[in-house]
Amino acid sequence: MTTTHTNLALHLERHKYKRGQYKNSAPLCGYKRQRSHVRVLRRNDNAMVVRMYSTDILTAYEDGRIVIDTRGWYDRPTTKARLNEAFGFVPFHIGIGSWSVKSLSQHTLRVNRTLYKYYDGIELDGEGEILNGVQRFEARHVDKEDIANFREDIKESGFKAVFPVLAANVTDDLPRRGWDAKSVIRHITRECHANDWPEIVARYAFRREWNRESERLTVKQTWARLMSAIRKEFMATSITDITSVPL
């Protein structure tokens, strides 16, 4: 039965450098010999490795096992691209990337037709079974306590009470400063910033498109648009019981 180890060993013999700094190693891509920062070589323990710069991102053993370890660089597009290229030597379907699970983009390892949460040091046998345990996916959700406190704060500051009047009467000629979500929350929950409320409301009361005049939204639409813009500041993550996602 073919293994990742034998596939890499064959590649090494066919494409190894005959001289120079990288003698006895081979470029990961046989026809891109100038890409010497990603190489295939045999270690002293007889393991076959794909080495990117100084990191063995993929290690293959004679018994069929493989270990994937990027030393924390798995979130870099180039690292993921080179790993996916190296996975071409693995005798089962495997790939690394990002996948949205429970509304949260997470680093995943696709093995055959199943997604697992990726972590450095993950070890698989020759058929794709994970040997050293699976990790649970996270979920993204609204922090109920934080959002409840926020709602109470905008009541106490008076912003919620005056909002309908502001949304119905603000004009589109007010200054447009760079209001990020945190600044908006800070200002509308404190009465001392009431002078800035018309400008903040105006930011969400008008929808602008480059090829047409500004569209004035209803009070209800303006409120929904404002709440949607600041919602991300009340999001939290938690650990789920999900360890795999079938595709």
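Q: How many residues sit between β3 and β4 in their hairpin, and which turn residue has a positive phi?
A: Two residues lie between β3 and β4, and Tyr53 in that turn has a positive phi of about 55°. Strands here are DSSP runs of E with at least two residues, helices are runs of H or I with at least four, and both are numbered from the N terminus. Before we go on, this is a predicted model, where local features need pLDDT of at least 70, side-chain atom pairs count only at pLDDT 80 or more, and totals for chains, interfaces and linings use all residues. Residues are numbered from 1 along each chain as its sequence is written, and side-chain values use heavy atoms, with hydrogens and water left out.

Q: Thanks! How many bridges join β3 to β4?
A: Five, and the two strands run antiparallel. Val49, for instance, has Thr59 in β4 as its bridge partner. Two strands count as paired if DSSP finds at least two bridges between them.

Q: And what about β2 and β3, how many bridges there?
A: Five bridges again join β2 to β3, also antiparallel. Val38 stands opposite Met52 in β3. The hairpin of β2 and β3 has five residues between the strands, and Asn46 in it takes a positive phi near 75°.

Q: Is β3 mostly enclosed or left open?
A: Largely enclosed by the rest of the structure, because four of its five residues are buried. Buried means under 20% relative accessible area, exposed means over 50%, and partly exposed is in between, using a 1.4 Å probe and protein chains only.

Q: Zooming out, what's the strand order in that sheet?
A: The order is β1-β2-β3-β4-β5-β9, six strands in an open sheet with antiparallel pairing. β1 (26–27) and β9 (122–124) are the edge strands with a single partner each, so one side of each has no neighbour in the sheet.

Q: What holds β1 to β2?
A: Two bridges join β1 to β2 (residues 38–42), and they run antiparallel. Ala26 stands opposite Val40 in β2.

Q: Which strands does helix α1 lie across?
A: Helix α1 (residues 4–15) lies across β1, β2, β3 (48–52), β4 (55–60) and β5 (66–68), at about 105° to β2. Such angles run from 0 to 180 degrees between N-to-C directions, with axes as lines fitted to C-alpha atoms, for helices over the stretch in contact.

Q: Where does Arg35 lie? And is it buried or exposed?
A: Arg35 is in the loop between β1 and β2. Arg35 counts as buried, at 16% relative accessibility. Leaving aside neighbours within four places in sequence, Arg35 contacts Tyr17, Pro27, Cys29, Arg82 and Glu85, where contact means heavy atoms within 4.5 Å.

Q: What about Thr79, where is that one?
A: Thr79 is in helix α2 (residues 77–86). Thr79 is buried too, at 6% relative accessibility. Not counting residues up to four places away in sequence, Thr79 touches Met52, Thr70, Trp73 and Tyr74.

Q: Which strands does α2 lie across?
A: α2 lies across β6 and β7, running at about 135° to β6. Those strands belong to an open sheet of four, in the order β6-β7-β8-β14, with antiparallel pairing. β6 and β14 (245–246) are at its edges with a single partner strand each, so one side of each is left without a neighbour in the sheet.

Q: How is β8 joined to β14?
A: By two bridges, with β8 (residues 114–117) and β14 running antiparallel. Thr114 stands opposite Pro246 in β14.

Q: What's the phi of Lys102?
A: Lys102 has a positive phi of about 55° although it is not a glycine. Lys102 lies in the loop between β6 (94–101) and β7 (104–111) and counts as partly exposed at 49% relative accessibility. Ser103 lies in the loop between β6 and β7, has a positive phi of about 70°, and counts as exposed at 57% relative accessibility.

Q: New topic: what's the volume of the largest pocket?
A: About 200 Å³. By class, its lining has eight nonpolar, no polar and three charged residues. α3 (144–157) and α7 (219–230) each supply at least two lining residues, and α3 gives the most, with four.

Q: How are a pocket, its volume and those classes defined?
A: On a 1 Å grid over the protein atoms alone, a pocket is an open set of points where a 1.4 Å probe fits, with protein on both sides within 12 Å along at least five of seven lines, and lining residues have an atom within 4 Å of a point. Grid points are joined across faces, edges and corners, and the volume is the space filled by probe spheres set on the points. Ala, Val, Leu, Ile, Met, Phe, Trp, Tyr, Cys and Pro count as nonpolar, Asp, Glu, Lys and Arg as charged, and the others, Gly among them, as polar.
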